[in-house]
Amino acid sequence: MAEAHQAVAFQFTVTPDGVDFRLSREALKHIYLSGINSWKKRLIRIKNGVLRGVYPGSPTSWLVVVMATVGSSYCSVDLSMGLVSWIQRCIPDRWGTHQSPQARVLVSMVVFSTGVWAAGIFFFRQTLKLLLSYHGWMFEMHGKASHSTRIWAICVRLLSSRRPMLYSFQTSLPKLPVPSVPATVQRYLESVRPLLDDEEYYRMETLAKEFQDKTAPRLQKYLVLKSWWATNYVSDWWEEYVYLRGRSPLMVNSNYYVMDFVLVKTTEVQAARLGNIIHAMIMYRRKLDREEIKPVMALGIVPMCSAQMERMFNTTRIPGKDTDVLQHLVDSRHVAVYHRGRFFKVWLYEGSRLLRPRDLELQIQRILDDPSPPQPGEERLAALTAGGRVEWAEARRAFFSCGKNRAALDAIERAAFFVALDEESHGYDPDDEASLSLYGKALLHGSCYNRWFDKSFTLIAFKNGRLGLNTEHAWADAPIIGHLWEFVLATDTFHLGYTENGHCLGSPNLSLPPPQRLQWDIPTECQAVIESSYQVARALAEDVELYCFQFLPFGKGLIKKCRTSPDAFVQIALQLAHFRDRGRFCLTYEASMTRMFREGRTETVRSCTSESAAFVQAMMKAHSMKADLQELFRKASEKHQNMYRLAMTGAGIDRHLFCLYVVSKYLGVSSPFLAEVLAEPWRLSTSQIAQFQIRMFDPNQYPNHLGAGGGFGPVADDGYGVSYMIAGENTIFFHVSSKFSSSETNAQRFGNHIRQALLDIADLFQVSKADS
C-alpha cells in the first residue's frame, strides 16, 4: 500500500476545530513540475508554429526589413513610394492622441515593412511550390542533368537554404495531381497485356473503352473537385477504405515487422537494451515535438512530406463495428509493458525529467523479476487485437467500457507505445539458415497474444537482447518507422553505449516507485471471446510460411556495373523467379511513395510489364544469344524505372482507379471495368525497404552495422509477399512469405528461385563480386 499513499497529494481529517489538511510536498512538487513541463511544450509548439509559418522568412529577416525602411527615411529616401504616408493617414486619430508624430511615422514604417516581409514570404513560398512541381529531373539520366534542371536545382537550393524545421515545407509542397482518364486507362491496359491472351485482352479493352467514354467523365469531375478542395485527393480515402474499414485481423494481414542490427551485438542484457532503446525513442519523440528533425530530402534538395510522422507516438487504432478510428494524443508520459501474461505501466518521467537509460533498465528489470502470476483472462487478453475487428469492437464495448477494465485499457491505449518482453531468444546466426526466418516469425505474430497489434508500434525485446518492431500500417508507411528505427539504433550504439558488463551507463535511482501492475476483472464471457480470437489468430499465424535469407554473392556495388538501378535489377529478377516457380506471369505490386506531394503516401508500380515478360521468356529459351538478352534486360529495366518515376510524380494507375471506384460507390454508379480491376489479386506483392535515411554514422566505416529490414504477410492466399533491402554494397536481405494452405506456393522454394535469378542476370553481364 506504500505506493498508493505516495500517489495521494493530500489527506484530511475532521476534528472539533475544523478540517485538518495534510499536504504532501513531494506530490505537489511533481504536480508543479508536470504543469511547468506542459506549459513549456505549449510555448515550444507556439514558437514552432510561428517559425514554420513564416518559412523561408524569419524574425531576423523581418527586423532587417524594418531597419532598412527606417534607415532609408533618415537618408531622405522613400522606399515605400508614398505608402508609409498613406498608412500614417489611415491610422485612426483616437489611436494616436498621445503619440508624437515621430511615433506615428515609426508605426507606419513597421506596418509597411511587415506587409512587404509577408508579401515576400508568400512570393517565395509560391515560387518554391512552383519549382517543386517540376519533376523533369527524375526522367534524366543520372549524372547528365540538363541546363534547365541545373538552374532549377540552384533556385530550389536558394529558396530552401535556411535551415528548415520538420514541417517547414508542408505548405510549399504541391498537391497530388489527378491524372487524365485516357492516360490511366492506357497505362492500365499496357500493364495487363502480358497477363492476358488475345481474347481476354480484347474483352478488357472493350470494358475499358466503355468506361472511359461513358462512366469515367462524370466520376472524374467529382475527383477533380475533391483535388481542388482537399489537401490530397487520395490519402484520406486510402486510409479509411484500405485500412480502417478492413474487418479481417491486423496480424499478418496488415501489420509488418522490422528487424534489429543482425551482424553486431551491443548487449545481451534484455533490460539494459530496452533502457537505452526506450530512452532513445523518447529523445526522438522530443525532437519530433520540437520539429528539430530535418525533413527527408531527395537529392538533398527536394523535400518529402513529413505529415505521417505526426502520429508515430501516442497513437492507437480503436476497433469499431463498421470502421476503426485512429486515436492520437498530444502527449503520453508512460509506456505499457507486457511480460509473462501481465501488463504494467511504466512512467517515463520523474517530474519533468526524462528517466535516464539506467533508471529505465531498473524499471524493466523489476518487471522481469516480478513473480506474480497473471490474473484470470489476462495472459491472452491481447489476442483480441489479433483476431477479427468486429469481435474485438463488441468485446471492448461490452467488457471494457467502465471500471478497472476501462482504466487498464486506457493505460495501454494512451501509452506512448507498447513494449513486449519475450521469454524466447531470437536473432540471426549466419551458421543457422533458419534463424532469420524464426526471428521474422516471432516479430510478425509472436504467440498471437504477446503483441498489442493496435498500437502504432510494439517494441519487442527478446531474452538475448535482440529487438524488433511490429507496426500497425494505417497511420503511416514503412519509411516513416524506418526513420525512427535508424535514429534509435544509431543512438543506442554510438551515443548511449553500455558498460563492460552490458548494463546502461550510470547509477540507477533506487527510490523510483516500481512499475504499476494493471488490474483487470475479466468475466468468463469475455474470456471465451478472448479464446475465440486467439484460435482465429493462431490458425492465421500457423498458416504463414516465412523464409528470410541474406544474399551474399553481391549487392548494389555489382548491380551498378550492369548500368541499371538496383531496384529494377531485383524486380526483374523477381519476375524471372516467379515464372520459374509458377510457370506464368502474375499481377505484381511494388510500393513506391508519393511524398513529394503534400500528404502523399504510396502508389503502385506494376512491375510485370511486356518488356520484363519478353526478357523472362527469352531467358527460358536455351539458345538465346547473350547480346539479345542484355538488350531485352536493358529495355525491361528502362521501362521499370520509367514506371517508378511516373508513380512517384503522380501519374500512377492504381490510386486514380481506386478513387474513381470510391466515387462510383458514392454515386451508386455501376462499373464492370472498375469492379474487375479492384478485384484482381496481387499474387506477388513486393516492397523495397529504405536504408540510411539519416546519416548518423558512416556505413563504410561500420559495414556490419546493418539491419535486415523487415517483412509482411502475403496479400493473396495463393501468392507471395517479398520484402527486400539492398544493404550496402555487397549484400541483400530478402523476406519471402506465403501460406502453407496453398499447394501452389512455397516460400523457401521461391527464395531459392530468387537467388538463382539474381545470379543468372549478373552472369549475363559477365561481372563477378571481385569486379565490384
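This is a predicted model: local features need pLDDT of at least 70, side-chain atom pairs count only at pLDDT 80 or more; totals for chains, interfaces and linings use all residues.

Reader: Let's start with α9: what covers its buried residues?

Author: Residues are numbered from 1 along each chain as its sequence is written, and side-chain values use heavy atoms, leaving out hydrogens and water. Helices (H or I, at least four residues) and strands (E, at least two) are DSSP runs numbered from the N terminus, and in helix α9 (residues 235-244) the buried residues are Ser235, Trp237, Trp238, Glu239, Tyr243 and Leu244, with buried meaning under 20% relative accessible area, exposed over 50% and partly exposed in between (1.4 Å probe, protein chains only). Taking contact as heavy atoms within 4.5 Å, the cover of these residues includes α8 (198-229), β6 (315-318), β7 (325-328), β17 (588-593), β18 (602-606) and α21 (654-667).

Reader: How are α9 and α21 oriented to each other?

Author: Their axes are 11 Å apart and the packing angle is about 75°; axes are lines fitted to C-alpha atoms, for helices over the stretch in contact, and angles run from 0 to 180 degrees between N-to-C directions. Angles under 35 degrees count as roughly parallel, over 145 as roughly antiparallel, 65 to 115 as roughly perpendicular and the rest as oblique. The two helices, α9 and α21, are therefore roughly perpendicular.

Reader: What classes of residue make up the contact of α9 with α21?

Author: From α9 come Trp237, Trp238, Tyr241 and Val242, which meet Arg655, Phe658, Cys659, Val662, Val663 and Tyr666 in α21. Ala, Val, Leu, Ile, Met, Phe, Trp, Tyr, Cys and Pro count as nonpolar, Asp, Glu, Lys and Arg as charged, and the others, Gly among them, as polar. By class, the contact of α9 with α21 has nine nonpolar, no polar and one charged residues.

Reader: And how do the residues divide in the contact of α12 with α13?

Author: Helix α12 (residues 389-399) and helix α13 (residues 403-413) pack at about 130° with axes 10 Å apart, and they are therefore oblique to each other. Trp392, Arg396 and Phe399 of α12 meet Asn405, Leu409 and Glu413 of α13. Here the division is three nonpolar, one polar and two charged.

Reader: Which residue has its backbone oxygen 2.6 Å from a polar atom of the His334 side chain?

Author: His334 sits in strand β8 (residues 334-339) and counts as buried because its relative accessibility is 7%. Beyond its neighbours within four places in sequence, the contacts of His334 include Lys345, Trp347 and Arg414. The backbone oxygen at 2.6 Å from its side chain belongs to Ala411.

Reader: Which residues have the most contacts inside the largest nonpolar core?

Author: A nonpolar core is a set of buried Ala, Val, Leu, Ile, Met, Phe, Trp, Tyr and Cys residues joined through side-chain atoms within 4.5 Å. The largest one has 144 residues, and those with the most contacts inside it are Met281, Met312, Phe343, Phe417, Leu459, Trp520 and Phe673.

Reader: Which side chain makes a polar contact with the side chain of Ser742?

Author: Ser742 is in the loop between β22 (731-739) and α23 (747-764), buried at a relative accessible area of 10%. A polar atom of the Ser742 side chain lies 3.3 Å from the backbone nitrogen of Glu744. The side-chain partner, at 3.4 Å, is Thr745.

Reader: Is Val252 buried or exposed?

Author: Val252 has a positive phi, near 75°, in a residue other than glycine, and its place is in the loop between α9 and β3 (256-259). Because its relative accessible area is 2%, Val252 is buried.

How values were computed. A polar contact is a pair of N or O atoms within 3.5 Å; within protein, one must be able to donate a hydrogen and the other to accept it, and residues adjacent in sequence count only if both atoms are side-chain atoms.
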